[in-house]
Amino acid sequence: MKLDLLFIGSKFIYNKPLQEYIIREIEKKVDFISSITFFKEKDNSLFLYLEHKLNSANKIIIVTTKQTFTTVGKLICTVTSDNQILRGSVLIPQKSHQYKEGNYLLEYKDSLINVLHIDEMQKMPNIFIDDKEVALSVQIFYEGEDNINSLLAPVAKTYEINIELITIIDGWFLLNLSSKKYGNISKFLNAIKEPLDSKTIVSSNIIEHIIERLTGVDKKISFAESCTGGLLSYYFTKQNGASQILDGSLVTYSNELKENWLGIDADILNRYGAVSSEVVKEMSEGTLNVTHADFSLSISGIAGDGGGTDKKPVGTVFIGVRTKQEHKEVRFLFKGDRNYIQQQSALEAIKMLVLSDEKLFF
């Protein structure tokens with residue numbers, strides 16, 4: 001059964017942080033949201049839309065403001081031939097069979113509807129609909145999408161496992177697993193370890209896994225970022241426990257700060273340019289010198305939309321990973337707009353980190 005998310009209120013359209021917070025909270029309770037639809041408060045087409053959805057055998061989460069909560073309940077009652085009753089200080093449909101302040105759940109025909117209200121700077125109410133079907137998620141680091149499909153499909157069939165393979169970036173996949181028998185998932189995971197060279201991590205969140213592993217061995221990480229502007233740091237600091245492993249991040253956007261903060265020689269910057277393997281190498285070394293961390297990641301590139309040349313077109317990004325024993329720098333050519341190039345760069349850096357110490361992270 002599909003799950004549709006419906007926002008009613010202009011603030012959900014234009015207040016992006018509030019909108020994103022609500023979606024994050026809902027995604028904790030559901031595997032995926034089939035559709036997201038927005039209505040302003042006085043949109044006359046809302047009634048017909050609700051009538052269609054409530055008769056379509058869907059699971060529906062309707063998010064309203066406090067001001068529109070009762071109005072939406074009235075429209076639902078009109079569709080379902082119900083009446084509103086007073087519960088606490090608000091009116092809700094009489095046939096609701098679960099209710100907490102500002103939040104109710106009702107069934108109509110084959111549909112399940114959860115209506116709740118939230119405004120800015122408020123905590124999200126508990127969601128009544130729980131739609132988790134994916135039993136387990138696995139991060140896989142393996143080159144070749146065609147090869148990995150041919151490896152996984154027959155094993156999944158043997159153990160009656162439903163699999164869904166999603167490419168994150170080249171060589172990094174998310175594998176969602178579900179089965180009627182949980183024990184079969186364990187057998188499936190054991191069976192794929194050898195053909196995948198054991199490069200599997202049982203976790204839906206790779207950053208949480210990295211934090212857990214680094215915390216367990218009391219090691220730290222730090223970043224030096226240019227074109228990504230602190231995106232790596234954001235990916236880590238939005239997770240609980242980041243303070244245990246993250247020393248900090250230096251956003252050295254200008255050459256002057258690359259020199260002053262990271263100690264990069266001006267001759268290297270002038271000779272090779274800020275977007276180069278040589279500079280990224282110096283950035284990662286400078287980061288370890290400044291922070292005394294155990295791992296450092298460095299990124300410098302041309303995210304666009306302008307600034308590219310024939311030798312270094314837009315999308316050219318150099319990424320470095322360094323431990324106290326080894327370092328590696330790789331050139332990439334990403335495609336997309338500025339933000340997608342930045343995101344691909346950060347994801348590649350995370351992938352390089354995981355592969356830099358397979359004994360620790362796998």
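Helices (H or I, at least four residues) and strands (E, at least two) are DSSP runs, numbered from the N terminus. The structure here is a predicted model, in which local features need pLDDT of at least 70 and side-chain atom pairs count only at pLDDT 80 or more, while totals for chains, interfaces and linings use all residues. Residues are numbered from 1 along each chain as its sequence is written, and side-chain values use heavy atoms, with hydrogens and water left out.

Let's start with the whole chain. The protein chain has 13 helices and 17 strands, and its C-alpha atoms fill a box of roughly 75 × 50 × 40 Å, taken along the principal axes. Of the 362 residues, 48% are buried; here buried means under 20% relative accessible area, exposed means over 50%, and partly exposed is in between (1.4 Å probe, protein chains only). The accessible surface comes to about 18400 Å², with 47% of it belonging to carbon and sulfur atoms. Such areas come from the Shrake-Rupley method with a 1.4 Å probe, and for residues only the protein chains shown count as cover. Contacts (heavy atoms within 4.5 Å) say something about how the chain folds back on itself: among those between residues at least 6 apart in sequence, 64% join residues at least 24 apart.

Next, the inside. In soluble globular proteins, nonpolar side chains tend to be buried together. A nonpolar core is a set of buried Ala, Val, Leu, Ile, Met, Phe, Trp, Tyr and Cys residues joined through side-chain atoms within 4.5 Å. The largest one has 38 residues, and I206, I210, I221, L232, F236 and I350 touch the most other members. Elements giving two or more residues to this core include helix 7, strand 13 (221-225), helix 8 and strand 15 (295-301). Helix 12 supplies the largest share, 8 residues. L232 shows what this looks like up close: leaving aside neighbours within four places in sequence, L232 is in contact with F223, E225, L297, I299, A346, A349 and I350. There is also a second, separate core of 20 residues, with L18, M124, I127 and F128 among them.

A pocket is found on a 1 Å grid over the protein atoms alone, as an open set of points where a 1.4 Å probe fits, with protein on both sides within 12 Å along at least five of seven lines; lining residues have an atom within 4 Å of a point. Grid points are joined across faces, edges and corners, and a volume is the space filled by probe spheres set on the points. The largest pocket has a volume of about 1600 Å³. Its lining counts 40 residues, of which E27, K132, L174, S204 and N205 lie nearest the centre. Helix 2 gives the most to this lining, with 6 residues. By type, the lining divides into 20 nonpolar, 9 polar and 11 charged residues. In this scheme Ala, Val, Leu, Ile, Met, Phe, Trp, Tyr, Cys and Pro count as nonpolar, Asp, Glu, Lys and Arg as charged, and the others, Gly among them, as polar.

The second largest pocket has a volume of about 240 Å³. Among its 13 lining residues, V321, K328, M352, L355 and S356 lie nearest the centre. Helix 12 gives the most here, with 5 residues, and the lining divides into 5 nonpolar, 3 polar and 5 charged residues.

Y104 is found in strand 7 (residues 103-108) and counts as buried because its relative accessibility is 0%. Not counting residues up to four places away in sequence, Y104 touches a list of residues including F69, G73, I92, Y99 and F128. D31, by contrast, lies in the loop between helix 2 and strand 2 (35-39) and counts as partly exposed, at 28% relative accessibility. Beyond its neighbours within four places in sequence, D31 is in contact with D131, K132, E133 and V134.

The peptide bond from G304 to D305 is cis, with omega near 10 degrees, and D305 sits in the loop between strand 15 and strand 16. M121 has a positive phi of about 65 degrees although it is not a glycine; M121 is exposed, with a relative accessible area of 86%. E160, also not a glycine, has a positive phi of about 55 degrees. E160 is placed in the loop between helix 5 (145-158) and strand 10, and is exposed at 59% relative accessible area.
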